[in-house]
Amino acid sequence: MLAGFMKQGDTALNARLYRALYRIRRVEEEIARVYPTDKIKSPVHLSIGQEGVAVGACEALEPHDVVFGSYRGHAMYLAKGGDLRRMIAELYGKVDGCARGKGGSMHLVDVARGVMGTSTVVATTIPNAVGYAYAIKLRRERRVVVSFLGDGATEEGVFHESLNFAALKKLPILFVCENNRYAIHTHQRQRQATEDICGRVRTHGMPTERIEQNDVLALHGAARRFVGSMREGAGPAFTLSAFASARRRVAGRRATR
Ligand SMILES: Cc1ncc(C[n+]2csc(CCOP(=O)(O)OP(=O)(O)O)c2C)c(N)n1
Ligand SMILES: [Mg+2]
């Protein structure tokens with residue numbers, strides 16, 4: 001993840017990215033430390049090792065852009081500017097949590113900061129994100145949507161329906177896939193006859209870019225290019241961050257998945 005910092009020269013950008021990555025890592029390390037005590041009232045899914053995906057993509061966004069994500073949402077929520085105290089309160093089941101303590105780690109939301117929601121149910125925020133992008137297009141706004149999803153979500157029917165509609169209507173939406181190779185315990189090789197997710201996406205009629213080794217600068221560059229052309233009316237795009245063979249990291253004994 002850090003290799004890119006050594007070869008690139010934009011100091012201010014590097015500092016912002018590094019600070020965001022470090023902050024998310026430290027927050028999640030604390031969540032992992034506290035989790036076994038039962039103070040946290042919901043299952044949690046960490047982004048440790050995958051922070052660069054949310055940070056690289058969100059750095060390409062403006063405050064009025066919006067994001068939708070999966071249950072593995074701490075990094076996206078924080079990278080988009082979600083309120084940290086309200087996220088922690090949510091994990092603790094407190095009424096002043098970002099979902100009033102009713103949603104827990106898997107249902108993070110901060111509409112004022114453009115975090116439109118995360119969901120337990122795999123792939124369900126993808127059509128929500130596409131619908132939001134459709135509204136932006138109909139209103140002729142220059143905003144964009146980012147839809148974060150896992151490799152497992154690409155196996156859901158609604159993923160393909162959503163991509164088809166987004167491409168058909170040329171919607172301002174960037175799909176950002178975190179390919180950690182696993183859906184729960186099952187490796188991608190045991191789930192997909194061909195592992196070329198980008199190839200499948202291109203058949204829907206949108207450009208793709210594959211980012212190797214969680215390179216935050218490469219992802220940020222791709223996101224900035226795609227988002228920039230979307231603001232000028234180009235249609236949707238897809239990035240895939242490929243991880244060598246990351247194992248899922250979960251916190252504590254109660255963690256599911
Ligand atoms: C519709 C639906 N089917 C099955 C599940 C059970 N389930 C929870 S997580 C998961 C795997 C998702 O994998 P991926 O999208 O790659 O996300 P990752 O956990 O690797 O970030 C599954 C199948 C679910 N939550 N929702
Ligand atoms: Mg996965």
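Strand 3 (residues 145–150) and strand 4 run parallel and are joined by six bridges; two strands count as paired if DSSP finds at least two bridges between them. Helices (H or I, at least four residues) and strands (E, at least two) are DSSP runs, numbered from the N terminus. The model is predicted, so that local features need pLDDT of at least 70 and side-chain atom pairs count only at pLDDT 80 or more, whereas totals for chains, interfaces and linings use all residues. Residues are numbered from 1 along each chain as its sequence is written, while chains are lettered from A and ligands numbered from 1 in the order in which they are written.

A residue is buried if 20 or more other C-beta atoms lie within 10 Å of its own, exposed if 12 or fewer, and partly exposed in between, with C-beta atoms placed from the backbone. Because seven of the seven residues of strand 4 (residues 173–179) are buried, the strand is largely enclosed by the rest of the structure. Ile 173, Phe 175, Cys 177 and Asn 179 point one way, and Leu 174, Val 176 and Glu 178 point the other way.

Helix 9 (residues 216–231) has 16 residues, which at 1.5 Å a residue should span 22 Å; its end C-alpha atoms are 22 Å apart, in agreement. The expected span is 1.5 Å times one less than the number of residues. Among the buried residues of helix 9 are Leu 219, Phe 226 and Met 230. The C-alpha atoms of Arg 224 and Ala 57 are 7.7 Å apart, although the two residues are 167 apart in sequence. Just after the helix, Gly 233 takes a positive phi of about 105°.

Gln 213 lies in the loop between strand 7 (208–212) and helix 9. With 13 C-beta neighbours inside 10 Å, Gln 213 is partly exposed.
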